[in-house]
Amino acid sequence: MRVRRASQTGHRRRPAALAAGAVALAAALTGCAGQGTAPAPQSAVPTSSPAAPPGVAAVPGGVTEAQAAQLCRDLEGQLQSWRTYTPTIGKTGLNGLVGTWIAQNNLNALDFLQDRGRIDVITTAACPDIRQEAVTALEIPDLASGLIGF
């Protein structure tokens, strides 16, 4: 009988755990989408955040500069992992990162579910180089393409 060391089994479980977590997050967010009546689809991305207090600067995509900067830092922090793992696992990480960012900033997840492209609008305005590196590492045409359930 062959005994595996914890380091061998833990390495294999990490991607599966990340995938399971992202799928659970996406399921929770999409489950909320069916509650109540759906708002009318918006044809344009808002340029200011309704949650932003008066006088707080906003970036395209309807978030504050601080929120956009946090998203950019979070993306940048994951780039090396996304280059290391397969694009499928990286996309799972992208979903988890975006879901966490939405929750941490008290943003409306339904708005992002209805318009996944907002993430591209925000990152194109705030950190185009980091956005491009993420798109390249994940092998997708844009970040919206990598979001499941958003």
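Student: Which residues does glutamine 70 touch, not counting residues up to four places away in sequence?

Tutor: This is a predicted model. Leaving out residues up to four places away in sequence, glutamine 70 touches Trp101, Gln104 and Asn105. Glutamine 70 and asparagine 105 are 35 residues apart along the chain, and their C-alpha atoms are separated by 9.4 Å.

Student: Is glutamine 70 buried or exposed?

Tutor: Buried means under 20% relative accessible area. Glutamine 70 has 16% relative accessibility, so it counts as buried. Glutamine 70 is part of helix 2, residues 65-84.

Student: What does aspartate 74 touch, with residues up to four places away in sequence not counted?

Tutor: Aspartate 74, also in helix 2, touches Leu97 and Trp101 when residues up to four places away in sequence are not counted. At 25% relative accessibility, aspartate 74 counts as partly exposed.

Student: Where does helix 2 pack through its buried residues?

Tutor: The buried residues of helix 2 include Gln67, Gln70, Leu71, Leu75 and Trp82. The buried residues of this helix pack against strand 1 (58-59), strand 2 (63-64), helix 3 (87-104), helix 5 (118-126) and helix 6 (128-138).

Student: What span should helix 2 have, and how far apart are its end C-alpha atoms?

Tutor: The check takes 1.5 Å a residue, so the 20 residues of helix 2 should span 28 Å. The end C-alpha atoms of helix 2 are 30 Å apart, which agrees.

Student: Where is the kink in helix 2 centred?

Tutor: The kink is centred on glutamine 78 and comes to about 40°.

Student: How many salt bridges does the count come to?

Tutor: The general idea comes before the count. Side chains of opposite charge can pair when their charged atoms come close. The count comes to two salt bridges. One of them joins arginine 83 to glutamate 133, with the closest N and O atoms 2.5 Å apart. That pair links distant parts of the chain, since arginine 83 is in helix 2 and glutamate 133 in helix 6, 50 residues apart. Arginine 83 is partly exposed, with a relative accessible area of 43%, and glutamate 133 is partly exposed at 34%.

Student: Which residue forms a salt bridge with arginine 131?

Tutor: Aspartate 120 does, and the closest N and O atoms are 3.0 Å apart. Here too the pair links distant parts of the chain: arginine 131 is in helix 6 and aspartate 120 in helix 5, 11 residues apart. Arginine 131 is buried, with a relative accessible area of 14%. Aspartate 120 counts as buried at 9% relative accessibility.

Student: How many aromatic pairs are there?

Tutor: The count comes to one aromatic pair. The ring centres of tryptophan 101 and phenylalanine 112 are 5.7 Å apart and the ring planes are at 85°, so the pair is edge-to-face. Planes over 60 degrees apart count as edge-to-face. Tryptophan 101 lies in helix 3 and phenylalanine 112 in helix 4 (residues 109-114), so the pair ties together parts 11 residues apart in sequence.

Student: Are tryptophan 101 and phenylalanine 112 buried or exposed?

Tutor: Tryptophan 101 is buried, with a relative accessible area of 0%. Phenylalanine 112 is buried as well, at 2%.

Student: What lies over the face of phenylalanine 112?

Tutor: Arginine 118 does, at 4.1 Å from the ring centre.

Terms used
Residues numbered from 1 in each chain as written. Predicted model: local features only at pLDDT ≥ 70, side-chain atom pairs only at ≥ 80, totals over all residues. Heavy atoms only, no water. Helix = DSSP H or I, 4+ residues; strand = E, 2+ residues; numbered from the N terminus. Buried < 20%, exposed > 50% of the residue type's maximum accessible area, 1.4 Å probe, protein only. Contact = heavy atoms within 4.5 Å. Expected span 1.5 Å × (residues − 1). Bend = angle between axes of the 7 residues up to and from the residue. Salt bridge = Lys/Arg side-chain N within 4 Å of Asp/Glu carboxyl O. Phe/Tyr/Trp six-rings, centres within 6.5 Å; stacked < 30°, edge-to-face > 60°. Lys NZ or Arg CZ within 6 Å of the ring centre and 35° of its normal.
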